[in-house]
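The following paragraphs go through a predicted model. They take up the ligand, then the sheet and a helix.

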Amino acid sequence: MERIPVAGPSITQREIDYVTDAVTNAWYGNANVYHARFESAFATYVDRKYAMALPSATSAIHLTLLALGVGAGDEVIIPDSTWIASAAPISYVGATPVFVDVDQATWCIRPDSFEAAITDRTKAVILVDLYGSMPEMDKILTIASARGIAVIEDAAEAVGSEYCGRPAGSFGEMSVFSFHGSKTLTTGEGGMFVTDRRDLFDRAQFLRDHGRVPGDVQFFNTEVAYKYKMSSMQAALGLAQLERIDELVQKKRDIFAMYRNAFADANGITLNAEPAGTKNSYWMITAVWDRAFGKSKNEVVLAMRDGGVDVRPFFHPLSSLPAYAGLPGAAAASRANHVSYDLSSRAVNLPSGFNVTADNVALIRDTLLRLLQL
Ligand SMILES: Cc1ncc(COP(=O)(O)O)c(C=O)c1O
């Protein structure tokens, strides 16, 4: 039986040509040609002044916190429902993550949970555009600005999404993207840091190259820092993908439409939301089933896999992970963040790769409904 994978990219002759050109020609004086084109086109796409290509979104988030000067004694508020990569850099810089609850419909951070968690130690909030969905940006930005809190947008999963006509990646002081192989726009592994603030961009550029100013030819380091760079082959791949971005995002929306139609008559199953004023790029099509089915997430993941369908569990609340067992606030978060815990117990990501077919979707629906009703 052929398995249906959970994610995968769309690669055309354009990507192959650009990467071939990069591996052939992007050396010596041309070593940064593809980076420059990719960064400039990406900044334009997300309506930011500055963009920096990086090896991952994790490194991009690390740089956002370093650029803001977040460190020991500071708190950073973050939704409990996300991939650990959103939060891990908070620990890298010695600060404390504070996990707050998410919205029932968008699965993104709730403005009231964010506001309630603010203390005089709060330095920043990391918003996560989960699975392509958008949080209530206007309310969050208003609260953050009134309280003097820096906003970082983790748009790792949301290239192509919009909130009130503004692109994902254009909110807050800085935003980040991931170009991991599962993402809508991929460079295999990779990420992007974007901002409108020259000071933050300059600081991040300095820190990502072992603490030397861009263009330094003396190899003279004034701080111990990091090595976070993307190769020109990856930048070439990213540029080719970016030139197809409207097609890629539309294809994701078409895949979602196939699922929406397939599940139209399936009572008790909810898919990703797209509240008025937002555009969801549906990175991962996600199904949440009613509690009445009485099935756990783990049962569904294993049974779907047995049926040849690769699914992913909805993110475990970060406060529930052994990785954060030693964090003083984790136990309180686990009692408070009801929506994150409830969603996580009864939701999975369905196959959302570019190769998914209508026949696949029909089989996925039949398999899921059958096992939920067992
Ligand atoms: C919400 C979110 N943030 C951050 C990341 C980290 O991205 P990367 O794997 O490029 O470091 C991911 C990756 O999947 C993610 O989903």
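**Ligand site and sheet**

In this predicted model, a backbone N or O atom of alanine 57 lies 2.9 Å from an oxygen atom of the ligand. The protein covers 91% of the 390 Å² of accessible area that the ligand has on its own.

In total, 14 residues surround the ligand, and the closest are Thr58, Asp154, Glu157, Ser178 and Lys183. By class, the shell divides into five nonpolar, six polar and three charged residues.

The sheet comes next. Its seven strands follow the order E1-E9-E8-E5-E4-E2-E3, with mixed pairing, and the sheet is open. Strand E1 (50-54) and strand E3 (96-100) each have a single partner strand and stand at the edges, so one side of each is left without a neighbour in the sheet. On average, neighbouring strands of this sheet are turned by 20 degrees against each other, direction ignored.

The partner of E1 is strand E9 (residues 191-195); the two run antiparallel and are joined by five bridges. Within this pair, alanine 53 stands opposite methionine 192 in E9.

Helix H3 (residues 57-68) lies across E1, strand E2 (75-79), strand E4 (122-128), strand E5 (150-154), strand E8 (174-178) and E9. Relative to E8, helix H3 runs at about 165 degrees.

Notes: Residues are numbered from 1 along each chain as its sequence is written. This is a predicted model: local features need pLDDT of at least 70, side-chain atom pairs count only at pLDDT 80 or more; totals for chains, interfaces and linings use all residues. Side-chain values use heavy atoms; hydrogens and water are left out. Two strands pair if DSSP finds at least two bridges between them. Helices (H or I, at least four residues) and strands (E, at least two) are DSSP runs, numbered from the N terminus. Axes are lines fitted to C-alpha atoms, for helices over the stretch in contact, and angles run from 0 to 180 degrees between N-to-C directions. Contact means heavy atoms within 4.5 Å. A residue is near a molecule or strand if one of its heavy atoms lies within 4 Å of it. A polar contact is a pair of N or O atoms within 3.5 Å; within protein, one must be able to donate a hydrogen and the other to accept it, and residues adjacent in sequence count only if both atoms are side-chain atoms. Accessible areas come from the Shrake-Rupley method with a 1.4 Å probe; for residues, only the protein chains shown count as cover. Ala, Val, Leu, Ile, Met, Phe, Trp, Tyr, Cys and Pro count as nonpolar, Asp, Glu, Lys and Arg as charged, and the others, Gly among them, as polar.
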